Amino acid sequence: MAGRRRFNNAPKTSLEQLARQRQIQIDKRKAIALAMARKASSVPAATPPPPPRHQRNIDRYLTAIDEAHFHRTGSVEDVEISTVYRELVRSAIEVMNSGSDQVVMSWPLSQTCPSGIIALLALGAVGSAEQISSVVKGVATNTRERADGVRGVLYPYARSTHAPAREVQVDRDWIGTVNFDHLKRALSENEEPALKDYHQVLSRVRSLNGRATDGHTYAEFEHPILDEIVPHAPPKDDRSSNSELLWRTRSKTDIGKQARTEDADDPSKAHFFVYTIRERDRFRVQLLAVRDAPHLMILDLSRAGRGRLGWNWQKRAKEAVDCLREVHPDTGVLAITDDPWTYRATKFDILGTPTPGRKGRTQPAKSKVVLASESAIIEDRKHERPTYVGATKIKVDGFFGDTDRTIEKLRGLANRLNDQSDAEGASTARALIATVRRSACLPGSLTAFSRFLEEETTMAMAADLLAQYRVGGAVASLRDPRNLASQAEAESETTADVTAIMKVLERATPMASLLDDAIKPALRSSSMTLVIFRKDMIAEFAQVEMTPRYPKLAERIESGMIRMGGDRVLSTIADLPSSARNQFKRAILVAPTRPSILALFAESWLPENIVILADADTLAFAAKDALRLAEELPDGPIAKRLREFSRAADKRVSEIGRHAVQLDGLAPPEDVEYSAGNVLDLSGGRSDKGLIEISMNNGQRVIARKSTQIVLRNAGAATTAFIEVPASKVRSGDEVCVIGPAFVERARTIVNVRAKAAEEIREYHLQVRNRFARVEGSSIAERLRNVVDAMGTPKIPTVTARYWVDLDPELEKASHEVVPHAPHDRDTFLRFTGALGIGATLADNFWLWAVVAQRSHRMRAGNLFHDAFRGILVDPHSAIAENSGRSDDIRSLRALAEEHVATVAGIRSLVV
């Protein structure tokens, strides 16, 4: 024990040790202060400025391209480079000069050829070089200065992008003479082998005369094509046989028998080269294989390019741009787009530069829009600018209903799966969106369409065509428990909605009803009408479906007064002489896509009246894109058309509203009524602030909030139609449909809205019971505490919450006896549903139907009737399609509404 160390005090706490520790800290602080002083006093070495970028003369490039003669393959007629490709070349040179990024949208035609742009740049580079005098083998001769190199990266690459460049021939005399001048200088100055090889090969094209190796003469071999004057290949992998310099001409004529070094085809040596990187290649690996920084990268974000990248094209394009900036920071990017939404996303999200700071905004990349009236690289020299006529009146109509509501749910599901990195599930959900919209936009039911295909084609062909209207496989994939998507789908139960809406569309589609209303004026018009569908097959189906309902339609089609066809029928009519085409005064577009709607307004000739029929979802997106596109274009007839369409579409979408109407055969109970008298109170009985009183000329009054939707009769419609507007926008003289006691008393014998509320409350109880059972906890009391804790403040007593989850007795009752077990104020209700994992959209629906509809306050139950009948009046096509067996009742209800229209006499605010 004597040898053990005593620990009476903590180690290193003696006075000497503490003093030593203090001195060590003082010495460290002095050393740090001295180092900081030396650093502050020292003058940093001046960083040498980066060498100035080589500036290419844009005007000289374009002048050289204009001097080069071009021909269509096999033709001797001279043509010139189209306006859109001149602008693409100009933008490419700007990118190479600055090393910055630029976005160009060619609209509405978009079959751009990225390799053709680089080929034109190569022509401009060799043709714009200054002419000089050199001594070759002791003889003075005219030569040219060394040409600028052109090396570009194409991503995502596909061989099909070369097709337009193969339709263009470059005059052999011009390109051969210019390159021979360069070759003479290369011989006199001992030029690099790759550049010498390039000029040597192209200078030989002067000897072309069209004679092929088989001894015959062909016009297409008299000149080289644009696609073969710049070699292309992947930076790292093997190249194809048709990618070398003059690959086509060398294989078909005797010019390939002459010797050459082939250095011009080497990706590591060539001065003129196209580095091709496919979407499946490892972008970084390929880019690292490019030894010297390329002069630019062309990012193909056209419709075809986005299709190659896949549904997550934005992410992949952004990754490619970031990789380029890391590997070759001095290389600029030229992004080519053809869609307004893609154009904006590329400007901000892909090529935009974020500004510093927490609230910094993204600085968009430089951008411009080019009107592409022709998709070819070349155009006739006598090309005239088009004169735009027609489209003086643009009318829009559509539908919402359960179709677009289901599409919204599918879009939300796809976004959730995308966030969870389930690419396959997100793609499946997006495919379902297309299928649902495609089916709803048919001019007849799915059953009738199936019967039509079986009669007009074979069973095998009908099965193939109907495959794109079936959802069974996609629904099964989303529900498969082996897939990640099944978990997200189980929470939203979206596939159940998809299956339900497809069963509805098997009986009727909203587009069929919409087209019926649009075609009626054409049956009695003295002018001709053009009805445009997506495909000729759909046009034939519409004719078969509508002829039995409208016997006069067959006569009008036979006489040519009504012409139905696919998307090419408009161009066919436009090519007719003006005396013939001007007889068509109206064009009806049935279910066009968003891009086709926008492209329509770029047509030089259109009928005076344009009617567009589509679902509200498509109209809303197209309206936004049209307005953005109009802001990018110079003021003119196209921009005017786009703005007019955007205004009409936005107005119609707001008038349609977002209603899902479901009817049944049960009569509503008698305890639902409005207040006595001529006052219709739509305020909901909450706060009295911000109310508006609308007085009618018949003595009726409507009290509503500023945002409450009021049903008006559309005075501008040719037939009776109803729209909805906020109460704040109602003006004196407007015709309001007063859905008051008299209207409801007669309408509720036609359709039942209260039964819908009973169904929703039953569904609400099932949702709460199932979700509460999944809450963590070993007992009901513990699960209740967890739910109450998740609701946050203000704290809710567990006794109160127990009433909300005690649902077994209510589930056993008859539907008309069910009472909602739910919070009575909206904030608590939403906190409760949120704690159980019920989404905001579904919770709002439950609040409206399962809570408000069942309250003892009869005024609010009457308000529910107002909301439901409003949906039937303003969106009748969805209501008829979703309740095909009750179409007569819905038409009776709309006729009844006309009897309850009153004119607004005055409006005043109720200030409390």
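The structure holds 11 aromatic pairs, where rings of Phe, Tyr and Trp (its six-membered ring) pair if their centres lie within 6.5 Å, with planes under 30 degrees apart counted as stacked, over 60 as edge-to-face and the rest as tilted. This is a predicted model, in which local features need pLDDT of at least 70, side-chain atom pairs count only at pLDDT 80 or more, and totals for chains, interfaces and linings use all residues. Residues are numbered from 1 along each chain as its sequence is written, and side-chain values use heavy atoms, with hydrogens and water left out.

Two of the pairs are listed here.

| Pair | Class | Centre to centre | Between planes |
|---|---|---|---|
| Tyrosine 198 and phenylalanine 272 | stacked | 4.5 Å | 15° |
| Phenylalanine 601 and phenylalanine 645 | tilted | 5.5 Å | 35° |

Phenylalanine 601 lies in the loop between α24 (594-600) and β20 (609-615) and phenylalanine 645 in helix α26, so their pair ties together parts 44 residues apart in sequence. Helices (H or I, at least four residues) and strands (E, at least two) are DSSP runs, numbered from the N terminus. Both phenylalanine 601 and phenylalanine 645 are buried, meaning under 20% relative accessible area with a 1.4 Å probe and protein chains only (exposed is over 50%, partly exposed in between). Tyrosine 198 and phenylalanine 272 are buried too.
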